[in-house]
Amino acid sequence: MKNEQYYIKHLQLEQHPEGGYFKETYRSDENVLNRNGVRRSASTGIYFLITSEFFSAFHKIESDEMWHYHDGAALSVYIILPNGELEILKIGKDIENGEQLQGVVPAGCWFASKVDVPDSFSLVGCTVAPGFDFDDFILAEREKLIQEFSEHKQIITELTRV
């Protein structure tokens, strides 16, 4: 049975600023303009691993991000849509019980994720198009996000660090 330490070592994952571990596996040589007219790689891909002890904090980027299940427990991705609606993607292999092998977070939405099962991990892949760039990455500030979406105060408090 492979655990998180196996994947961290063998996939050479590094800590990610939002929480968890990652490694970029693909960056397109082709460039396109993102929704703000800024030139970015056409697409990027990463491995992303988080454990039930940690979470991926609320953040947003300027591109669509597709999540792909690889191994471990299911992962819940909490998405706050621009209209304030909260959507929860369940990324996992139990498709008969509502989990999805892949799901998409739309560009410009606040989102965070956590592993659903105690004492476990989730290994996923994330494909971003137009490609990810840290210049487009915004980590949420708890109080500002609560002011904007007070109806989601509990999950925002749980999945932010500052």
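Y6 is partly exposed, with a relative accessibility of 31%. That label covers values between two cut-offs: buried is under 20% relative accessible area and exposed is over 50%, with a 1.4 Å probe and protein chains only. Y7 counts as buried, at 12% relative accessible area.

This is a predicted model, in which local features need pLDDT of at least 70 and side-chain atom pairs count only at pLDDT 80 or more, while totals for chains, interfaces and linings use all residues. Residues are numbered from 1 along each chain as its sequence is written, and side-chain values use heavy atoms, leaving out hydrogens and water.

**Aromatic rings**

A pair of aromatic rings is described by the distance of the centres and the angle of the planes. Rings of Phe, Tyr and Trp (its six-membered ring) pair if their centres lie within 6.5 Å; planes under 30 degrees apart count as stacked, over 60 as edge-to-face and the rest as tilted. The structure holds seven aromatic pairs. Two of them are tabulated here.

| Pair | Centre to centre | Angle between planes | Class |
|---|---|---|---|
| Y6 and Y7 | 5.3 Å | 85 degrees | edge-to-face |
| F132 and F134 | 4.8 Å | 85 degrees | edge-to-face |

Y6 and Y7 also belong to a cluster, linked by ring pairs, that includes F121. In the other pair, F132 is buried at 15% relative accessible area. F134 is partly exposed at 40%.

**Charges over rings**

A charge sits over a ring if NZ of Lys or CZ of Arg is within 6 Å of the ring centre and within 35 degrees of the ring normal. Which ring lies under the charged end of K2? The ring is that of Y6, with its centre 5.2 Å away. R161 lies over the face of F55, 4.1 Å from the ring centre.

**Strand 7 and its partners**

Strands (E, at least two residues) are DSSP runs, numbered from the N terminus. Two strands pair if DSSP finds at least two bridges between them. Strand 7 spans residues 64-72 and pairs with strand 12, residues 121-129, in the antiparallel sense over eight bridges. Here E65 stands opposite V128. Strand 7 also pairs with strand 10, residues 102-105, again antiparallel, over four bridges. Across that pairing, H68 faces Q102.

D135 lies in the loop between strand 12 and strand 13 (138-139). Is D135 buried or exposed? D135 is exposed, with a relative accessible area of 66%. The C-alpha atoms of D135 and I61 are separated by 8.9 Å, although these residues are 74 apart along the chain.
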